[in-house]
Amino acid sequence: MAYAWRRCMPSMAGLFVVAATGLAIAIGCGVPVVPLLGWATGIVFIQWAIAPYIIEWVIPAQVIPHDGTEYLANERVGAIVARRCRDAGVPLVRLGIVDDWVPNAFTFGHSKKYARLWITRGLLIGLDDAELDAVVCHELGHVRNRDFQLMTIASLVPAALYFIAVGLLHAASDDDEDADDEGGGLVFLVAALAAFILYFVSELLLLSLSRAR
């Protein structure tokens, strides 16, 4: 786990730097950042709240019921997932089998308690027990390490930088209409361009963090 965190540190440090730089630009230009941060937080929270239900709707799966300790179906993956959940110290995930022949598996959800693990038929058919066990361990690692919450918090940075850039563009437009402050609009425009560049950099850093996790 310590090695995993070390791999994440460059991306997390980069996100912190670009976030601090964007906030400094906005504050230096006199743009109110509190409402912009509020908008960014609200959008990210809504995405976090509804994303699992959208995924379940877009990628339907046959959910295997469980009694809290074992899955109540004759699926070999159920025994593997139940054992690995116990090993990881997490509640049994909501396990779904997707009728798709493309080998794939992924986790999603709000927290450990409400995590989902979707596995395709193609993966179940193509892997033996040892290989399937390795895939399950990998996916449950996301649950155990709270990657849902970490990526949600990290995604606040690009969202905030986007709204800061938009706010600076509005400030540039408003300043251009003020004839008494010639040249001020150009300053806001340059600041907005810098904020947009920081936004794109933060998106790349977010992808890097996701890959490291």
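Author: Helices are DSSP runs of H or I with at least four residues, strands are DSSP runs of E with at least two, and both are numbered from the N terminus. The model is predicted, so that local features need pLDDT of at least 70 and side-chain atom pairs count only at pLDDT 80 or more, while totals for chains, interfaces and linings use all residues. Residues are numbered from 1 along each chain as its sequence is written, and side-chain values use heavy atoms, with hydrogens and water left out.

Reader: Over what dimensions does the C-alpha trace of the chain span its principal axes?
Author: Of the 213 residues, 41% are buried. Contact means heavy atoms within 4.5 Å, and of the contacts with a separation of 6 or more, 65% come from residues 24 or more positions apart. Along the principal axes, the C-alpha trace spans about 75 × 35 × 30 Å.

Reader: Is H3 parallel or oblique to H5?
Author: Axes are lines fitted to C-alpha atoms, for helices over the stretch in contact, and angles run from 0 to 180 degrees between N-to-C directions. Helix H3 (residues 76-88) and helix H5 (residues 129-144) pack at about 45 degrees, with their axes 9 Å apart. Angles under 35 degrees count as roughly parallel, over 145 as roughly antiparallel, 65 to 115 as roughly perpendicular and the rest as oblique, and H3 is therefore, relative to H5, oblique.

Reader: How many residues in the contact of H3 with H5 are charged?
Author: The contact includes Arg-76, Ile-80 and Arg-83 in H3, which meet a set in H5 that includes Asp-129, Leu-132 and Leu-140. Ala, Val, Leu, Ile, Met, Phe, Trp, Tyr, Cys and Pro count as nonpolar, Asp, Glu, Lys and Arg as charged, and the others, Gly among them, as polar. The contact residues divide into 9 nonpolar and no polar, with the charged ones numbering 6.

Reader: Which strand holds Thr-107?
Author: Thr-107 is buried, at 15% relative accessible area, and beyond its neighbours within four places in sequence, its contacts include Arg-116, Phe-148 and His-142. His-142 is found in helix H5 and also counts as buried, at 16% relative accessibility. Thr-107 itself is found, within residues 105-109, in strand S3.

Reader: What distance separates the C-alpha atoms of Trp-57 and Leu-72?
Author: Trp-57 lies in helix H2 (residues 33-58) and is exposed, with a relative accessible area of 71%. Leu-72 is 15 residues away along the chain, and the C-alpha atoms of the pair are separated by 23 Å.

Terms used: Buried < 20%, exposed > 50% of the residue type's maximum accessible area, 1.4 Å probe, protein only.
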